[in-house]
Amino acid sequence: MQTIVWTAKRLGAALITLLGVSLLVFSATRFLPGSYSDAVLGPLATPTQKAELTAKYGLDQSVMVQYLRWLGAAVHGDFGTSLVTHQSVATEFGLRIPVTVTITLMALAIAMIAGIPLGVYAGTHTRAGIQGSFGRLVSVLGISLPEFVAGSLVLFLFSRYALGFHIGNFVPVTESFGAGLASATLPAIVLALFCLAATARTTRDAVLNVLVEPHIAASVARGETASFIIRHHILRNAAVPVLTLTATITAYLLGGAVIVETVFNAPGLGSYLVAALNRRDYAIIQAGVLLAAAVFVTMSFLVDVITGLIDPRVSIVTGGQK
């Protein structure tokens, strides 16, 4: 019963969060400088033409009325129609989500596969001189280098020299799986730099915190090998902060995809949202931000559940209180 109550509270908090996000983004789009009629008709349009276009899409009504109408339709799965292409939002997103999902999942995989071992090595070799400092150096460089700088540098190098990857012809995985993965590799690597560095740094700090625990000293006293201690004692205890970081990384990847897709001219959801923002395509902006918030909230919920399964000290029943 307590587990059901805890789950219901978490789901309720998630719904309230999504409701707040929807209200904020809806209001923010309506108060942006300029208007939809200005973006479509241009500065030479007459007031009458602007008024007719505004009334056609119901933009002359109050913000609250527009929000309630949009929210009621969104609850039933209808996120509206693009004001520019006149296609449904679901159709527009369906064409672009595979590209963004491919890049973000590849970036997340790179960050986890490379960042966790690097963090474990750095944490267990703090006195190894140059080798021990390599992990910290990678972390500092990865965190300090913005995506647009790294992306521009990669774009220049692979455009200037034949290094094995073709630039400028992005192929979605829905058209060709192999070609899609190849075209998403460079954007994914650039997007993963910060996440890899953050994962390595978090893992290193978690490992260092576990190493000072009494049970580690007891394991050494029993004569257990270093590899055994790492596998059976360090990794499990250090996994909790890394999992917590995963939810934050997911949100970062969704935001970073906007920059990376723009730099590499990838026809994904991120670059499409930027174009929609410039064109005041309200339905696209609202649905895109709400989708990103839903992904983040879902990841946070799953991380809480998995954390409780990995570490019994974190009680799911009591809402994470030790």
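Is leucine 23 buried, partly exposed or exposed, and what is its relative accessibility? Leucine 23 counts as partly exposed, at 36% relative accessibility, where buried means under 20% relative accessible area, exposed over 50%, and partly exposed in between (1.4 Å probe, protein chains only). The residue lies in helix 1, which covers residues 2-30. Leucine 23 and glutamine 286 are 263 residues apart in sequence, and their C-alpha atoms are 9.4 Å apart in space.

The structure is a predicted model, in which local features need pLDDT of at least 70 and side-chain atom pairs count only at pLDDT 80 or more, while totals for chains, interfaces and linings use all residues. Residues are numbered from 1 along each chain as its sequence is written, and side-chain values use heavy atoms, with hydrogens and water left out.

The secondary structure comes to twelve helices and zero strands. Helices (H or I, at least four residues) and strands (E, at least two) are DSSP runs, numbered from the N terminus. In order from the N terminus, the elements run α-α-α-α-α-α-α-α-α-α-α-α. The protein has 322 residues, of which buried residues make up 38%.

Helix 5 (residues 89-124) and helix 8 (residues 177-211) pack against each other at an angle of about 30°, and their axes are 5 Å apart. Axes are lines fitted to C-alpha atoms, for helices over the stretch in contact, and angles run from 0 to 180 degrees between N-to-C directions. The crossing of helix 5 with helix 8 is right-handed; a crossing is right-handed if the near helix is turned clockwise from the far one by less than a right angle, and left-handed if anticlockwise. The residues of this contact divide into 24 nonpolar, nine polar and one charged. In this count Ala, Val, Leu, Ile, Met, Phe, Trp, Tyr, Cys and Pro are nonpolar, Asp, Glu, Lys and Arg are charged, and the others, Gly among them, are polar.

A search of the whole structure finds three salt bridges, a salt bridge being a side-chain nitrogen of Lys or Arg within 4 Å of a carboxyl oxygen of Asp or Glu. One of them joins glutamate 92 to arginine 96, with the closest N and O atoms 2.8 Å apart. These two residues are separated by about one helical turn, because they are four residues apart in helix 5. Glutamate 92 and arginine 96 are both buried.

Helix 8 holds arginine 201 and aspartate 205, four residues apart, or about one turn of the helix. These residues form a salt bridge in which the closest N and O atoms are 3.7 Å apart. Arginine 201 is partly exposed, at 37% relative accessibility. Aspartate 205 is also partly exposed, at 31%. The side chain of aspartate 205 also meets that of arginine 204 in a salt bridge (3.4 Å, N to O). Arginine 204 is buried, with a relative accessible area of 13%. Through shared partners, the salt bridges join Arg201, Arg204 and Asp205 into one network.

A nonpolar patch on the surface is formed by Leu145, Phe148, Val149, Ile189, Leu193 and Ile259, which together have about 450 Å² of accessible area. Patches are made of residues with over 30% relative accessible area and no salt bridge; like charges are joined within 9 Å, and nonpolar side chains (Val, Leu, Ile, Met, Phe, Trp, Tyr) within 5 Å. Accessible areas come from the Shrake-Rupley method with a 1.4 Å probe, and for residues only the protein chains shown count as cover. Helix 7 (147-160) and helix 8 are the elements that give two or more residues to the patch. Isoleucine 189 is found in helix 8 and is partly exposed, with a relative accessible area of 39%.

Leucine 155 is found in helix 7 and counts as partly exposed, at 22% relative accessibility.

Most residues other than glycine have a negative phi. Asparagine 265, which is not a glycine, has a positive phi of about 55°. Asparagine 265 is placed in the loop between helix 10 (226-263) and helix 11, and counts as exposed at 61% relative accessibility. The buried residues of helix 11 (residues 269-278) are Leu269, Gly270, Ser271, Tyr272, Leu273 and Ala276. Just after helix 11, arginine 280 takes a positive phi of about 55°.
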